[in-house]
Amino acid sequence: MSLEMEKTITKLMYDFQRNSTSDDDSGCALEEYAWVPPGLSPEQVHQYYNSLPEEKVPYINSPGEKYRIKQLLHQLPPHDNEVRYCNALDEEEKRELKIFSNQRKKDNLGRGNIRPFPLTISGAICDKCGGQINGGDMVVFAARAGHSKVWHPHCFVCSMCEELLVDLIYFYQDGKIFCGRHHAERLKPRCTACDEIIFADECTEAEGRHWHMKHFRCYECETTLGGQRYIMKDGRPHCCNCFESLYAEYCDACGEHIGIDQGQMTYDGQHWHATEECFCCARCKRSLLGRPFLPKQGQIFCSRSCSAGQDPDESDSSDSAFQSARSRESRHSTKIGKNERRNAERSAEPRQSAPPPHARPSVC
Ligand SMILES: [Zn+2]
Ligand SMILES: [Zn+2]
Ligand SMILES: [Zn+2]
Ligand SMILES: [Zn+2]
Ligand SMILES: [Zn+2]
Ligand SMILES: [Zn+2]
């Protein structure tokens, strides 16, 4: 871990501990662990860690310690809390970040308490898995959630990402437990490009994700794409020019480029214009748009007889023959949906493309 990162984490943890609602006391220093829950006997600490998956226990110099540091930075992004970890905020945005951060610490932040479940109570139900908890079991209490809720240690996870809450730090909102990252995202959009929370009045929204207006750019040439047409490839926006020159496919029938505004059929790594002339039986030229087809040696056919090189009229391609072919899965059918081109990249299903969408600014 770099010195800079170590400083960041130390500062962050200090802040969280100072603001945490749990009754932190000195705890016990168990030197084999990078972190231990406060207020437990060494016996209880071992009992607690025994109930977590081995690879997530933060033994010094273990994969569990690496996991803890990775989760710390992921679940508690420093730029969600401190202006100095953000890039290029204007004065108004700085003010809003401070309010946002203070408000969350005041209203939602807490640290889970690990305690043996009292023997005097007959039992309880884990808030996450619904499983039985008995007297003497190590459980997590979260002050923000009230004393009626308890969790198995391995069940004390973020309701969004389902990851164990690093060092038991949680944010409680609307009856649910979140990690810092996902709690922040419930309140404000996060920029997909820079990972910072967006405080500007306007942002770009596409594919259910958000970007600062100035950060919604072509992944290749960095042209700003707000209000422009774009195409998503592997979650990254591209301008039409870059996309065409990098990724556009050639039609297997006519050999021409398939433009981004043209319909495209895709099957098993092959591409066609979604036209009757191009997406057709290799032998009789009958259109296969919206019809099942038989692939054979890189070509597609309307029927078994065409694929066998016979004239379709001479063969018995009755409905029953089609059915039996399909049930043996030698026949594949196309699905034509109004899906946009960007989906074609992710799917094995043949799809028809639609013109690329425009990036619209939305009010964040
Ligand atoms: Zn549970
Ligand atoms: Zn989470
Ligand atoms: Zn951004
Ligand atoms: Zn570009
Ligand atoms: Zn073509
Ligand atoms: Zn045919």
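These are my notebook entries on what I looked up in this predicted model.

**Overview**

I started with the whole protein. I found nine helices and 17 strands. The protein has 364 residues, and buried ones make up 32% of them. I also checked how far along the chain the contacts reach. Among contacts with a separation of 6 or more, 41% are between residues 24 or more positions apart.

**The three-stranded sheet**

Next I picked out an open sheet of three strands. Its order is β1-β6-β7, and the pairing is antiparallel. Which are the edge strands? They are β1 (109-111) and β7, each of which pairs on one side only.

Then I zoomed in on β6 and β7. Three bridges hold this antiparallel pair. I followed F171 across and landed on F178 in β7 as its bridge partner. A reminder to myself: strands of a sheet pair through backbone hydrogen bonds, either parallel or antiparallel.

**The helix on the sheet**

I went looking for what packs on this sheet and came to helix α5 (residues 180-187), which touches β6 and β7. The direction of α5 makes about 25° with that of β6. Which residues of α5 are buried? I noted G180, R181, H183 and A184. They sit on the same side of α5, because they cover an arc of only 165° around the axis. I then checked what these buried residues pack against: α3 (63-75), α4 (91-107), β6 and β7.

**The cores**

I turned to the largest nonpolar core, which has 31 residues. V140, L165 and Y170 touch the most other members. The elements giving two or more residues to this core are α2 (42-50), β5 (138-141), β6 (169-173) and β7 (176-178). Of these, β6 provides the largest share, with four residues.

I stayed with V140 for a moment and set aside its neighbours within four places in sequence. What is V140 in contact with? I listed G112, N113, I114, V150, W151, P153, F156 and L168.

I moved on to strands β12 (residues 264-267) and β13 (residues 270-273). They run antiparallel and are joined by four bridges. Y267 has Q270 of β13 as its bridge partner. Two residues lie between the strands of this hairpin, and D268 takes a positive phi near 50°.

**C280**

My last stop was C280, in the loop between β13 and β14 (292-296). Is C280 buried or exposed? It counts as buried because it has 21 C-beta neighbours inside 10 Å, and the cut-off for that is 20 or more. Leaving out residues up to four places away in sequence, I saw that C280 touches K285, R286, S287 and L288. I also checked A253: C280 and A253 are 27 residues apart in sequence, while their C-alpha atoms are 8.5 Å apart in space.

Technical notes. Residues are numbered from 1 along each chain as its sequence is written. Chains are lettered from A and ligands numbered from 1 in the order in which they are written. This is a predicted model: local features need pLDDT of at least 70, side-chain atom pairs count only at pLDDT 80 or more; totals for chains, interfaces and linings use all residues. Two strands pair if DSSP finds at least two bridges between them. A nonpolar core is a set of buried Ala, Val, Leu, Ile, Met, Phe, Trp, Tyr and Cys residues joined through C-beta atoms within 7 Å. A residue is buried if 20 or more other C-beta atoms lie within 10 Å of its own, exposed if 12 or fewer, and partly exposed in between; C-beta atoms are placed from the backbone. Two residues are in contact if their C-beta atoms, placed from the backbone, lie within 7 Å. Axes are lines fitted to C-alpha atoms, for helices over the stretch in contact, and angles run from 0 to 180 degrees between N-to-C directions. The arc is that of the directions from the helix axis to the C-beta atoms.
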